[in-house]
Amino acid sequence: QLQLVESGGGLVQPGGSLRLSCAGSGFTLDYYAVGWFRQAPGKEREGVSCISSRGGNIYYADSVKGRFTISRGNAKNTVYLQMNSLKAEDTAVYFCVADSLTPSSKIQAMCGTGYRNLEVWGQGTLVTVSS
């Protein structure tokens, strides 16, 4: 059974940092494109960052560029999202998703509106940015 489990969410003050983890089980995450999405209450799910299999291509949404960093911890079958300089508007449930069919050239599209067709989703982890 293919599973993704997110962790690392929590409450943080504005300007603070968190590192989210997305751990895969039942498959080798290195062979999959992986994305981080978020959904705030009453809002559409949006792509935050996506990374190609083996990490050769990376996309960031404009809203997080320069503040968030996606990376692979291949030895641990995990993908991370380092979030710095957090803002109140970053508050959301964060989901990771893995897809074996997304080529490196389509990473930006993966983070776009085509997310509904992606293969494996985690259950989400809540990030709250508040003083």
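Modeller: Start with contact, which means heavy atoms within 4.5 Å. The model is predicted.

Biologist: What is G122 in contact with, leaving aside its neighbours within four places in sequence?

Modeller: G122 is in contact with L4, E6, F95 and C96, leaving aside neighbours within four places in sequence. G122 lies in the loop between β10 and β11.

Biologist: What makes G122 count as buried?

Modeller: Buried means under 20% relative accessible area. G122 has 11% relative accessibility, so G122 counts as buried.

Biologist: How far apart are G122 and G112 in space?

Modeller: They are 18 Å apart, C-alpha to C-alpha, and 10 residues apart in sequence.

Biologist: On to the strands. What makes β4 and β9 a pair?

Modeller: Two strands pair if DSSP finds at least two bridges between them. β4 and β9 have 7 bridges, in the antiparallel sense. For G35, the bridge partner in β9 is V97.

Biologist: Which strand do 2 bridges join to β9?

Modeller: That is β10, residues 120–121, which runs antiparallel to β9. At least two bridges are needed, so β9 and β10 count as a pair. V97 stands opposite W121 in β10.

Biologist: How many bridges link β9 and β11?

Modeller: There are 3, in the antiparallel sense. The bridge partner of Y94 in β11 is T125.

Biologist: How do you know that β9 is largely enclosed by the rest of the structure?

Modeller: Of the 8 residues of β9, 7 are buried, so the strand is largely enclosed.

Biologist: Which strands form the open sheet, and in what order?

Modeller: The order is β1-β3-β8-β7, with antiparallel pairing. β1 (3–7) and β7 stand at the edges because each has a single partner strand, so one side of each lacks a neighbour in the sheet. Neighbouring strands here are turned by 15° against each other on average, direction ignored.

Biologist: What joins β1 to β3?

Modeller: 5 bridges do, and the two strands run antiparallel. In β3, C22 is the bridge partner of E6.

Biologist: What makes a set of residues a nonpolar core?

Modeller: Its members are buried residues of listed types, such as Leu, Trp and Phe, joined through side-chain atoms within 4.5 Å. The largest core here has 29 residues. L4, W36, F68, L81, M83, Y94 and A98 touch the most other members. The largest share, 4 residues, comes from β9.

Biologist: Which residues does L81 touch, not counting those up to four places away in sequence?

Modeller: L81 touches L18, R19, L20, W36, V48, S49, F68, T69, I70 and Y94.

Technical notes: Residues numbered from 1 in each chain as written. Predicted model: local features only at pLDDT ≥ 70, side-chain atom pairs only at ≥ 80, totals over all residues. Heavy atoms only, no water. Buried < 20%, exposed > 50% of the residue type's maximum accessible area, 1.4 Å probe, protein only. Axes fitted to C-alpha atoms, helices over the stretch in contact; angles between N-to-C directions.
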